[in-house]
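Have the viewer open beside you as you read, and turn the model as we go.

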Amino acid sequence: MYVGPPIDDDEILDRVTAAHRNLLMRTNGYVAYDGGLHVRGACVAPAWHSLRAAWEGPDAIHRLFPVVAREDIPFAQEALGDQFLVRDEIVHRLHSETGDLESLDVDLVAFDRACREDPVEYLQLQPLVRFRADGGELEPGQLLSAYPPFCAVESVANVSLRAIPAIERLRFLAELSEQIRRLPRGAKFRIDVVE
């Protein structure tokens with residue numbers, strides 16, 4: 001669906017794991033599975049594809065989500081904005097709506113293999129499948145916005161999905177997870193939509 005531009009950020013390659021470097025040397029990041037997985041590249045532009053921007057920029061993942069450490073490598077994201085990070089050579093999933101971090105207990109090579117074997121199940125892409133079945137299309141640089149959020153009980157009845165710029169989705173998720181983190185488990189919350 002999308003293949004990253006040629007590598008133009010060689011310095012960032014010196015800071016990633018050997019497996020990650022090998023992946024980027026083959027293909028400098030990509031968007032695959034109809035927008036279901038975005039692996040960031042060692043490039044300056046576009047900013048939405050830049051590993052450096054996600055790792056060190058003003059909207060770096062560790063700046064948006066306190067559970068993420070500055071050393072964690074935010075190498076990828078799935079269609080709804082959950083982040084995949086490498087920490088001590090193990091892949092972790094940041095559940096971006098709630099700010100919870102989960103170890104997947106696999107290295108990058110095993111993660112890549114599991115994605116290729118069954119991307120819908122492994123990456124939990126059922127909302128993207130539904131969005132596409134309804135005629136939606138996710139362009140490179142976009143993520144799915146879900147309302148109400150999947151962490152809300154109301155999402156069981158119906159969720160509205162739409163494609164929005166990735167940075168808008170990530171900023172919203174960071175704010176949502178920050179607000180949720182302050183609430184006791186099972187608490188009710190209200191989302192005010194401002195257009």
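How many of the six residues of strand 4 are buried? Keep that in mind while we take a first look around. What you see is a predicted model, with eight helices and nine strands in the protein chain. Of its 195 residues, 48% count as buried. The chain exposes about 10200 Å², and carbon and sulfur atoms supply 51% of that area. If you consider contacts between residues at least 6 apart in sequence, 49% of them join residues at least 24 apart.

Now back to strand 4, which spans residues 73-78. Six of its six residues are buried, so the strand is largely enclosed by the rest of the structure. Strand 3 (residues 37-39) pairs with strand 4 in the antiparallel sense over three bridges, and L37 has E78 as its bridge partner in strand 4. Strand 5 (residues 83-87) also runs antiparallel to strand 4, joined to it by four bridges. Here P74 stands opposite L85. Strands 4 and 5 form a hairpin with four residues between them, and in the turn G81 has a positive phi of about 105 degrees.

Next, follow the side chains. The largest nonpolar core has 34 residues, and those touching the most other members are L37, F75, F84, V91 and F111. Pick out F75 and leave aside its neighbours within four places in sequence: its contacts include L51, F84, L85, V86, V91, L108 and F111. H20, H38, V39 and R40 are also among the residues that F75 contacts. There is a second, separate core of twelve residues, and L64, V68, L170 and L173 are among them.

A polar atom of the D72 side chain lies 2.8 Å from the backbone nitrogen of A69. Beyond residues up to four places away in sequence, D72 touches W55, L85, V86 and R87.

A further hairpin is worth a visit. Strand 6 (residues 90-95) and strand 7 (residues 100-103) run antiparallel and are joined by four bridges. R93 stands opposite E102 in strand 7. Four residues lie between these two strands, and in this hairpin G99 takes a positive phi near 80 degrees.

Finally, turn to helix 7, residues 126-133, where the buried residues are P127, L128 and F131. Why do they sit on the same side of helix 7? They cover an arc of only 100 degrees around the axis, which puts them there together. As a general point, an α-helix has 3.6 residues a turn, so residues three or four places apart point the same way. The buried residues of helix 7 pack against strand 8 (142-147) and strand 9 (160-165). V129 also belongs to helix 7, but V129 is partly exposed, with a relative accessible area of 45%. The C-alpha atoms of V129 and G36 are separated by 9.0 Å, although the two residues are 93 residues apart along the chain. After helix 7 comes G135, with a positive phi near 95 degrees.

Methods: Residues numbered from 1 in each chain as written. Predicted model: local features only at pLDDT ≥ 70, side-chain atom pairs only at ≥ 80, totals over all residues. Heavy atoms only, no water. Buried < 20%, exposed > 50% of the residue type's maximum accessible area, 1.4 Å probe, protein only. Contact = heavy atoms within 4.5 Å. Areas by Shrake-Rupley, 256 points an atom, 1.4 Å probe, with all protein chains shown as cover. Polar contact = N/O pair within 3.5 Å; in protein donor to acceptor, adjacent residues only side chain to side chain. Core = buried A, V, L, I, M, F, W, Y, C linked by side-chain atoms within 4.5 Å. Arc of directions from axis to C-beta. Pairing = 2+ DSSP bridges.
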